[in-house]
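Please open the model in your viewer and keep the selection panel at hand. The tour goes from one selection to the next and says what is there.

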Amino acid sequence: MIRQAPKAENLISIQISKVLFLILKTPNEGLATVRCTKVVRNVNLEKLRHNYLFPEIEARELEHLNKYPDANIIRLGIGDTTEPIPDIITSNMAEYARGLSTRKGYKGYGAEQGNKDLRKAIAESFYKDLGVKDAEVFVSDGAQCDISRLQLLLGSSVSVAVQDPNFPAYMDTSVIIGQAGDFLDDTLKYKNIEYMTCGPQNNFFPDLSTTSRTDIIFFCSPNNPTGHAASREQLTQLVDFARKNGSIIVYDSAYSVYITDDSPRSIYEIPGSRECAIEISSFSKIAGFTGVRLGWTVVPDELYYANKVPVINDFDRIVCTCFNGASRIVQAGGLACLSPDGFKAVMAVVDYYMENAKILVDTFTSLGLVVYGGVNAPYVWVHFPGSRSWDMFSEILKKTHIITVPGSGFGPGGEGFIRVTAFGRREHILEASARLTSVHLL
Ligand SMILES: Cc1ncc(COP(=O)(O)O)c(C=O)c1O
């Protein structure tokens with residue numbers, strides 16, 4: 001857990017010759033002396049709002065357990081997978097790993113951009129007939145890591161738009177790289193960032209007629225946290241908007257395999273997108289690779305900067321300089337996922353989670369609540385009009401011992417909602433459903 005930064009009033013600095021000592025007084029620990037360097041903290045990290053969401057949820061869970069020590073808590077908060085990885089995939093990784101102990105099977109560094117066969121398999125599996133070339137696919141150690149590498153590519157002077165509510169990595173990396181201004185306590189937003197509100201009032205798609213032009217637009221579909229998959233019409237509007245403004249869309253399709261209707265699974269299904277969009281994606285939620293770590297980014301060779309330099313050249317440079325390639329063992333696992341039998345096996349797990357999602361949607365709907373998501377994404381977004389997210393989090397925890405996530409933790413646009421994950425074991429989902437239907441929520 002991240003330790004809370006000491007409060008300024010608890011710091012007494014004493015200059016002794018050239019060495020600065022800080023006497024740090026914390027309420028519980030008394031006095032402790034720390035020896036500081038002369039290095040000034042990165043101002044952007046200084047600006048970053050302390051990420052209190054999951055630590056705060058943990059703290060409230062602990063408090064709840066203190067009150068109800070026998071409570072059998074069901075955790076439907078953090079969006080982490082719970083089902084084992086199919087054996088066909090782990091066997092392939094194990095076999096590859098064993099081969100590394102043999103003269104014949106040993107290999108050192110791989111291509112920084114990824115194993116050729118895997119790049120080809122990704123292009124064929126996810127972008128068939130969409131014109132994505134193998135060489136445009138960069139294999140990575142996960143989408144979150146690629147978001148940071150893309151920020152390194154873009155630098156501090158670009159302007160940025162994010163959906164509100166949003167997956168926090170876009171916003172936080174924007175602050176870290178220096179694209180954002182200060183956090184404003186009155187609006188709960190960072191300065192210099194365009195927040196694109198996405199809620200039921202606009203069918204979870206921003207009103208582009210009132211959205212300011214930015215260089216970069218982060219867009220996630222199916223969306224974490226709302227679970228909304230943007231329609232073809234919505235994505236066509238987005239691509240037209242980006243092309244008109246000369247912007248680049250960074251499209252996150254980490255949950256594309258959860259789409260059950262005809263919503264696009266990739267931004268490249270939209271004509272014109274190759275000239276304005278980068279796509280990031282991940283094996284985390286496809287194959288339970290959250291702890292194994294594998295993802296990819298597509299940078300089309302038709303995407304150019306204002307000065308006619310292809311963006312793909314710079315991304316290649318970033319990957320070679322700052323990454324050095326995904327683990328060979330993990331890439332063997334990725335290839336196994338994309339074999340016909342491997343894909344069948346991982347999709348069976350995806351279907352299992354989506355059955356969980358249906359149970360959750362039906363449960364909350366039966367309580368008379370309006371529920372979004374859960375159809376094209378493993379997240380259920382429950383609306384409590386007129387209530388605060390944290391109040392509903394507490395109410396649900398108190399009455400059912402179920403952990404959820406307050407929607408306001410994903411941005412001011414999430415106020416009044418809670419997110420419930422379908423990445424749970426069936427027996428826990430059924431038990432959660434039984435508990436929820438047996439109580440009266442506010
Ligand atoms: C929308 C979205 N993008 C990216 C990620 C991170 O993916 P990875 O595990 O590949 O880093 C997550 C993880 O929850 C996510 O929800």
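Angles here run from 0 to 180 degrees between N-to-C directions, and axes are lines fitted to C-alpha atoms, for helices over the stretch in contact. Helices (H or I, at least four residues) and strands (E, at least two) are DSSP runs, numbered from the N terminus.

This is a predicted model, in which local features need pLDDT of at least 70, side-chain atom pairs count only at pLDDT 80 or more, and totals for chains, interfaces and linings use all residues. Residues are numbered from 1 along each chain as its sequence is written.

Stay on α6 and colour Tyr170, Met171, Thr173, Ser174, Val175 and Ile177, which are buried. A residue is buried if 20 or more other C-beta atoms lie within 10 Å of its own, exposed if 12 or fewer, and partly exposed in between, with C-beta atoms placed from the backbone. What covers the buried residues of α6 includes α1 (43–47), α5, β6, β8 (189–190), β9 and β10.

Now select Ile177, which has its place in helix α6 (residues 168–177). Is Ile177 buried or exposed? Ile177 is buried, because 20 other C-beta atoms lie within 10 Å. Leaving aside neighbours within four places in sequence, Ile177 is in contact with Asn44, Gln151, Gly155 and Ser156. Two residues are in contact if their C-beta atoms, placed from the backbone, lie within 7 Å. To try the distance tool, pick the C-alpha atoms of Ile177 and Thr37: they are 23 Å apart in space, and the two residues are 140 apart in sequence. Just after α6 comes Gly178, which takes a positive phi of about 100°.

Two packed helices are described by the angle between their axes and the distance between the axes. The axes of α5 and α6 cross at roughly 35° and come within 10 Å. Their crossing is right-handed; a crossing is left-handed if the near helix is turned anticlockwise from the far one by less than a right angle, and right-handed if clockwise. Which residues meet between α5 and α6? On the α5 side they are Gln144, Ile147, Ser148 and Gln151, and on the α6 side Ala169, Tyr170, Thr173, Ser174 and Ile177. By class, this contact of α5 with α6 has 4 nonpolar, 5 polar and no charged residues. Ala, Val, Leu, Ile, Met, Phe, Trp, Tyr, Cys and Pro count as nonpolar, Asp, Glu, Lys and Arg as charged, and the others, Gly among them, as polar.

Helix α5 (residues 143–154) and helix α9 (residues 311–322) pack at an angle of about 120°, with their axes 10 Å apart. The two helices α5 and α9 are therefore oblique to each other; angles under 35 degrees count as roughly parallel, over 145 as roughly antiparallel, 65 to 115 as roughly perpendicular and the rest as oblique. The crossing of α5 and α9 is right-handed. Arg149, Leu152 and Leu153 of α5 make the contact with Asp314, Phe315, Ile318, Val319 and Cys322 of α9. The residues of this contact of α5 with α9 divide into 6 nonpolar, no polar and 2 charged.

Next, show the strands in the order β5-β13-β12-β11-β10-β6-β9: they form an open sheet of 7 strands with mixed pairing. Its edge strands are β5 (137–140) and β9 (193–197), each pairing on one side only. From one strand to the next, the twist averages 20°. Two strands pair if DSSP finds at least two bridges between them. Within the sheet, strand β12 (residues 277–282) and strand β13 (residues 295–298) pair in the antiparallel sense over 4 bridges. Find Glu279, which stands opposite Val298 in β13.

Move on to the open sheet of 4 strands, in the order β14-β15-β18-β17, where the pairing is antiparallel. The edge strands are β14 (370–373) and β17, and each pairs on one side only. Helix α11 (residues 340–366) packs on this sheet, touching β14, β15 and β18, and its direction makes about 10° with that of β15.

Finish on strand β18 (residues 417–421), where 5 of its 5 residues are buried. Phe417, Arg419 and Thr421 point one way from β18, and Ile418 and Val420 the other way. Strand β15 (residues 379–383) pairs with β18 over 5 bridges, and His383 stands opposite Phe417. Strand β17 (residues 405–406) pairs with β18 over 2 bridges, and Val405 stands opposite Arg419.
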